[in-house]
Amino acid sequence: MALRFYNSLGRKVQEFTPIEAGKVGLYTCGPTVYNFAHVGNFRAYMFEDILRRTLELCGYQVNHVMNLTDVDDKTIRDSQAAQLPLDTFTRQYKDAFFEDVDALRIRRAHVYPAATEHIGEMIKLIRKLFDAGVAYQAEDGSVYFSIAKWPAYGQLMKIDRDQMRAGVRISHDEYAKESVADFALWKAWSEGDGDVAWNSPWGKGRPGWHIECSAMSARYLGPQFDIHCGGIDNMFPHHEDEIAQSEAANGCRFVNYWLHNAHLVVNGEKMSKSLGNFYTPRDLFAKGYSGREIRWVLFGTHYRQTLDFSLAALDAARASLQRLDAFRQRLAEAASAPEAGTAIAAERAAKATADFQAGLEDDLNISAALAALFDLVRDGNRLLDEGTVAGPAAAAFVQALETCDQVLDVLTPAPGEGVPAEIQALADARQAARKAKDFAQADAIRDQLAAAGWTVEDTPKGPRVKRL
Ligand code: AMP
Ligand code: ZN
């Protein structure tokens with residue numbers, strides 16, 4: 001079946017055809033690094049991770065670019081409140097972002113361009129907009145995009161021209177659709193900006209938020225590319241303004257497929273920093289939840305449906321993952337038994353992987369994909385109960401699980417995940433005894449662990465506690 005996505009531009013499901021066969025240029029709006037990203041933000045990055053991994057499962061070579069917004073209204077405001085230079089202030093949140101990305105097993109983008117390192121490209125782009133006759137400098141020194149001069153403005157949100165307040169200027173990066181107006185490309189320096197400023201042909205100042213993404217996407221993916229993603233809150237004004245800037249400057253279509261994820265909500269309200277109703281991944285790690293459990297919750301609801309976030313959902317994720325772990329463990333044990341049931345295992349495994357992939361190809365239908373996975377678990381467990389899957393036949397199931405895991409990436413528990421604190425304490429005591437060369441004590445603790453149903457494996461990365 002062909003890969004297809006719901007394209008926000010045109011609002012319908014469309015078959016995916018890349019510009020260049022076998023390759024995909026993917027741009028995803030990244031974090032504004034003024035604080036730790038919360039799991040609402042990570043819902044967006046998780047959807048994009050599932051999208052990218054699905055494209056890769058389908059054989060595409062993906063070039064993934066995610067920007068880091070390290071200069072905008074919010075980073076300037078909060079760095080000043082913290083009395084830190086902008087780059088020192090944003091550095092800590094960039095570092096934290098990458099730690100969280102890794103902990104949630106999100107594949108890193110190929111490039112993470114930072115806005116402050118691409119000011120030259122932004123200035124060049126604004127010059128092109130002057131050449132195209134759609135930019136002007138206002139009395140306050142700031143440069144604006146004139147929506148009256150660009151008849152194609154409003155394609156993404158289907159904005160009527162008579163709704164537009166042409167000539168009215170808006171200098172904030174974020175504004176409501178009701179306030180559609182000329183938006184800032186370059187913001188003249190004002191006292192509130194402190195020492196954050198760059199020189200430009202229009203005087204000292206800084207770029208608007210929207211021009212950052214237009215300039216950096218063109219720099220790494222060219223003026224026209226395949227897929228651009230973000231949360232639905234980014235559709236207006238951010239993406240609408242990106243389209244206007246890029247198409248007016250480059251004279252070609254900007255993006256072929258726009259994909260937007262719905263919000264993650266808590267008790268019916270969008271999770272956001274301003275409402276204060278947020279959890280960061282690190283808040284959840286501190287409560288004992290693991291990266292793969294958070295991952296499971298974030299991708300478990302279709303990306304275009306609102307995701308209701310709760311700790312109960314994380315507990316349910318733990319139970320689902322334990323079921324998968326137990327199945328995998330049973331398969332590992334069955335693999336060493338004499339061969340049985342090869343044909344039926346191969347057939348079930350092939351059906352599961354085909355259904356899994358077909359689900360994802362259908363606009364990332366994760367429910368269909370997970371249903372295929374759990375059919376495999378149910379069928380597999382039944383065959384294992386009957387003793388009809390053993391030896392190499394078990395390997396066919398393992399392989400099917402691993403194919404699904406190329407996208408899901410949840411099969412391997414993190415070291416120490418799910419190990420009760422008292423068992424971990426015993427394992428640590430055993431390690432200390434070994435270091436002190438008290439082998440009798442180390443062996444005694446090993447026996448104690450075994451009696452409780454646990455074992456310690458010594459790996460090159462150190463001891464690992466496992467269920468017996
Ligand atoms: P920001 O750092 O605010 O620019 O947001 C980064 C990404 O997270 C953007 O794609 C937003 O649309 C997305 N986002 C922010 N809050 C939520 C939420 N509660 N649910 C889903 N996506 C969100
Ligand atoms: Zn963006």
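**Entry 1: the interface**

I began where domain 1 meets domain 2: the rule finds four salt bridges across that interface. I took a salt bridge as a side-chain nitrogen of Lys or Arg within 4 Å of a carboxyl oxygen of Asp or Glu. I looked up D49 and found its salt bridge with R295, the closest N and O atoms being 2.9 Å apart.

I then turned to polar contacts, pairs of N or O atoms within 3.5 Å; within protein, one must be able to donate a hydrogen and the other to accept it, and residues adjacent in sequence count only if both atoms are side-chain atoms. The rule finds 15 residue pairs in polar contact across the interface of domain 1 and domain 2, both at pLDDT 80 or more.

Which element gives the most to the side of domain 1 that touches domain 2? I found α1, with 12 residues. That side divides into 18 nonpolar, six polar and eight charged residues.

**Entry 2: ground rules**

I noted that this is a predicted model: local features need pLDDT of at least 70, side-chain atom pairs count only at pLDDT 80 or more, and totals for chains, interfaces and linings use all residues. Residues are numbered from 1 along each chain as its sequence is written, chains are lettered from A and ligands numbered from 1 in the order in which they are written, and side-chain values use heavy atoms, with hydrogens and water left out.

**Entry 3: layout**

I read the domain assignment, which is automatic or from a database: domain 1 (4-261), domain 2 (273-408) and domain 3 (421-467). The C-alpha centres of domain 1 and domain 2 lie 34 Å apart. Their contact (heavy atoms within 4.5 Å) takes 32 residues from domain 1 and 32 residues from domain 2.

I also checked the whole chain. Its C-alpha atoms fill a box of roughly 80 × 55 × 40 Å along the principal axes. Buried residues (under 20% relative accessible area, 1.4 Å probe, protein chains only) make up 51% of the 468 residues.

Most residues other than glycine have a negative phi, and most peptide bonds are trans. I looked for exceptions.

The peptide bond from F236 to P237 is cis, with omega near 0°. Phi of K158 is near 50°, a positive value. Is K437 buried or exposed? I found K437 exposed (over 50%), at 63% relative accessibility.

Conventions: Helices (H or I, at least four residues) and strands (E, at least two) are DSSP runs, numbered from the N terminus. Ala, Val, Leu, Ile, Met, Phe, Trp, Tyr, Cys and Pro count as nonpolar, Asp, Glu, Lys and Arg as charged, and the others, Gly among them, as polar.
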